[in-house]
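This report describes spaces inside and on a protein model, together with the surroundings of a ligand. Please keep the sequence and the structure in view while you read.

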Amino acid sequence: MIELRGVSHRYVTEGRREMTTTLALDGVSLRIPRRQFVAIVGPSGSGKSTLLRVVAGLLASQEGAVEVAGARVSGPSADRAMVFQHAALYPWQTVAQNVRFGLELSRQATGADADRIVGEHLKLVGLSEFADHWPHQLSGGMQQRVALARALAVSPSTLLMDEPFGALDAITRRRMAAELLALWEREQRTVLFVTHSLDEALVLADRVVLLRDGRVVRDAEVGIPRPRDPDSVPEDPWFLELRRSLWEAL
Ligand code: ADP
């Protein structure tokens, strides 16, 4: 369970003459049960990334409380893995070494244990044959799958994804969403998925939280039955109705 109570965050930037303050989160309260897939949607600048960073422990909110499994978040943890828009793989490490890196960093596994976990996760994302490739030999979508394998290999209870498919072309993006959906349906973890695509959110998530100006303006359950077929979801009556009402709120 992730809980945010009255969370506010201000960025202070020093200009040439004066300090500017931006209120990025304005009293956000959310309770996210374990294993729920939550999409955070909103226009650019609405506070989505800030919200994710606060939950990740990369940013300390100045007001309110953030708790994960009853404990206050005071910094990053391997239990809350982050996937960013750009895969950020180490170019001097092979695909397998990149996945292994997180495991060793968090001291979760070494030697043959680490080899086994790396192998399992490369298989999970369909990249077993690319273990010894270098990141530059992979397409953008494949690099993002490596980043996903790296995040999942440390067995986090929560996956924090910040526009993970935002840099991919439309076709790859759609395929990656379908893959993530299948993966999540197999092994459910709590997911916070930031996107500015309402359609992507409705295909993937159990719940859509709309942010505007740092505030939650809608919090809607997505009742589309699972397992979902990303191609037929857009024809579901839930999809059409929710899409219309969420657009109105945006
Ligand atoms: P989103 O992810 O929805 O695009 P962000 O959380 O990145 O929104 O940003 C929310 C607001 O905070 C925006 O107005 C943005 O300009 C501002 N902001 C974000 N990061 C910083 C920063 N490091 N310094 C100053 N202002 C920032």
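## The enclosed cavity

The largest cavity holds about 60 Å³ of space, where a cavity is a set of points, on a 1 Å grid over the protein atoms alone, at which a 1.4 Å probe fits but cannot get out. Its volume is the space filled by probe spheres set on the points, and grid points are joined across faces, edges and corners. By this rule, one cavity of 30 Å³ or more is counted.

The residues that line the largest cavity are Leu152, Leu159, Leu180, Leu183, Trp184, Glu187, Arg189 and Val191, and a lining residue is one that has an atom within 4 Å of a point. Helix α5 gives the most to this lining, with three residues; helices (H or I, at least four residues) and strands (E, at least two) are DSSP runs, numbered from the N terminus. Sorted by class, the lining has six nonpolar, no polar and two charged residues, where Ala, Val, Leu, Ile, Met, Phe, Trp, Tyr, Cys and Pro count as nonpolar, Asp, Glu, Lys and Arg as charged, and the others, Gly among them, as polar.

## How the model should be read

This is a predicted model, in which local features need pLDDT of at least 70 and side-chain atom pairs count only at pLDDT 80 or more, while totals for chains, interfaces and linings use all residues. Residues are numbered from 1 along each chain as its sequence is written, and side-chain values use heavy atoms, with hydrogens and water left out.

The chain has a mean pLDDT of 92, and 100% of its residues reach 70 or more; pLDDT is the predictor's confidence in each residue, from 0 to 100. Among the elements of the chain, α5 has the lowest mean pLDDT, 86, whereas strand β3, residues 37-41, has the highest, 97.

The largest pocket contains about 590 Å³ of space, and a pocket, unlike a cavity, is an open set of points with protein on both sides within 12 Å along at least five of seven lines. Of the 21 residues that line the largest pocket, Ala81, Met82, Gly102, Leu105 and Arg150 are the closest to its centre. At least two lining residues come from each of β6 (80-83), α2 (95-105) and α4 (140-153), and β6 gives the most, with four residues. The lining of the largest pocket has 16 nonpolar, three polar and two charged residues.

The second largest pocket has a volume of about 220 Å³, and its lining includes Ala170, Arg173, Asp199, Glu200 and Phe239. Both α5 (170-186) and α6 (198-204) supply at least two residues of this lining, with the largest share, five residues, coming from α5. The residues that line the second largest pocket divide into seven nonpolar, no polar and four charged.

## Around the ligand

Which residues lie around the ligand? They are Tyr11, Thr13, Thr22, Ala24, Pro43, Ser44, Gly45, Ser46, Gly47, Lys48, Ser49 and Thr50, and a residue is near a molecule if one of its heavy atoms lies within 4 Å of it. This shell divides into three nonpolar, eight polar and one charged residue.

A polar side-chain atom of threonine 50 lies 2.5 Å from an oxygen atom of the ligand, and a backbone N or O atom of serine 46 is 3.0 Å from a ligand oxygen atom; a polar contact is a pair of N or O atoms within 3.5 Å. Taken alone, the ligand exposes 560 Å², of which the protein buries 62%, with accessible areas from the Shrake-Rupley method and a 1.4 Å probe. The elements that give two or more residues to the shell are β1 (2-14), β2 (19-32) and α1 (48-56), and α1 gives the most, with three residues.

## Two backbone details

Most residues other than glycine have a negative phi, and most peptide bonds are trans. Arginine 35, in the loop between β2 and β3, has a positive phi near 70°. A cis peptide bond, with omega about -5°, joins arginine 226 and proline 227, and proline 227 is placed in the loop between β10 (215-221) and α7 (237-249).

Terms used. A polar contact is a pair of N or O atoms within 3.5 Å; within protein, one must be able to donate a hydrogen and the other to accept it, and residues adjacent in sequence count only if both atoms are side-chain atoms.
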